[in-house]
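The stops below go from pockets to a helix, then to single residues.

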Amino acid sequence: MSETNQKLMRSFFARDTVEVARDLLGKRLVHVDQGQRLAGIILETEAYRGEEDQGCHCRAGRTERTAVMYGPPGLAYVYFVYGMHWLLNLVTEEEGYPGAVLLRALSPEKGLDLIAERRKKQPPRHWMDGPAKLTQALGVDGGQNGLDSCQPGSDLFVEPGYQVEPGQIQSSPRIGLDNVPEPWKSIPWRFTVDPAHLT
């Protein structure tokens, strides 16, 4: 599919987080890094919604760290984990209600030489098959936290990409929530699509 140069508008993100998480599958995430366009097609997402969601960072309410999640939909929420990895989320819902979609995997599409350099010694299938891998590949870090993906001139944004049919989407529990109580531990808010469907 050719580049569209058409960013997703704020209205796309200003919806129920679970719907946005599903609808982001097949979309193209773009980061313009040092003038170079790096992009991948979104293959895996997870939804985190509201202070009642015990898997969500906002379960403790609004903090300095989570303030971005209460902001306008379409903001990038980028945070550091395990003292070594950056993870990228896109804020959802109406401003004031915390929600975000974690981007967990992409299919590399543009800027492959630079992506390969950053993901040294890894085969292409493992360049962006994890949330920390995709941020490393795209050059996303804390400097993008709070960045508005819907703002004209933004270096980080989402384009329409490919159409994914509902029957092609798989859902399952979110990853890494072993100590989270039910129903949040098992709620099927992780969504994936097989790249073979993206034609």
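How much space lies in the largest pocket? About 580 Å³. This is a predicted model, in which local features need pLDDT of at least 70, side-chain atom pairs count only at pLDDT 80 or more, and totals for chains, interfaces and linings use all residues. Residues are numbered from 1 along each chain as its sequence is written, and side-chain values use heavy atoms, with hydrogens and water left out.

**Pockets**

Select Tyr48, Tyr79, Tyr82, Leu87 and Ile175, which lie nearest the centre of the largest pocket among its 27 lining residues. A pocket here is an open set of points on a 1 Å grid over the protein atoms alone, where a 1.4 Å probe fits, with protein on both sides within 12 Å along at least five of seven lines; lining residues have an atom within 4 Å of a point. The volume is the space filled by probe spheres set on the points, which are joined across faces, edges and corners.

Next, colour β2, β3 (76-81), β4 (85-91), β5 (99-110) and α4 (131-138), each of which supplies at least two lining residues. Helices (H or I, at least four residues) and strands (E, at least two) are DSSP runs, numbered from the N terminus. By class, the lining has 15 nonpolar, 7 polar and 5 charged residues. Ala, Val, Leu, Ile, Met, Phe, Trp, Tyr, Cys and Pro count as nonpolar, Asp, Glu, Lys and Arg as charged, and the others, Gly among them, as polar.

The second largest pocket has a volume of about 160 Å³. To find it, select residues of its lining, including Phe12, Arg22, Asp23, Tyr162 and Ile169. That lining divides into 6 nonpolar, 1 polar and 4 charged residues.

**Helix α4**

Return to α4, which is largely enclosed by the rest of the structure because 6 of its 8 residues are buried. Buried means under 20% relative accessible area, exposed over 50%, and partly exposed in between (1.4 Å probe, protein chains only). The buried residues are Pro131, Ala132, Leu134, Thr135, Ala137 and Leu138. Show β1 (28-33), β2, β4, β5 and α3 (112-118), which are among the elements covering them. Just after the helix, Gly139 has a positive phi of about 75°.

**Arg49 and the cysteines**

Pick Arg49 in strand β2 (residues 36-49). Its side chain makes a polar contact with that of Asp16, at 2.4 Å. A polar contact is a pair of N or O atoms within 3.5 Å; within protein, one must be able to donate a hydrogen and the other to accept it, and residues adjacent in sequence count only if both atoms are side-chain atoms. Beyond four places in sequence, Arg49 is in contact (heavy atoms within 4.5 Å) with residues including Cys56, Glu93 and Trp189.

Move to Cys56, which is buried at 0% relative accessible area. The structure holds 0 disulfides (pairs of cysteine sulfur atoms within 2.5 Å).

**Loops and backbone**

Select Gln34, in the loop between β1 and β2. Gln34 is exposed, at 76%, and its phi is near 55°, positive in a residue other than glycine. Lys121, in the loop between α3 and α4, also has a positive phi, of about 70°.

Finish at Pro183, in the loop between β7 (169-172) and β8. The peptide bond from Glu182 to Pro183 is cis, with omega near 5°.
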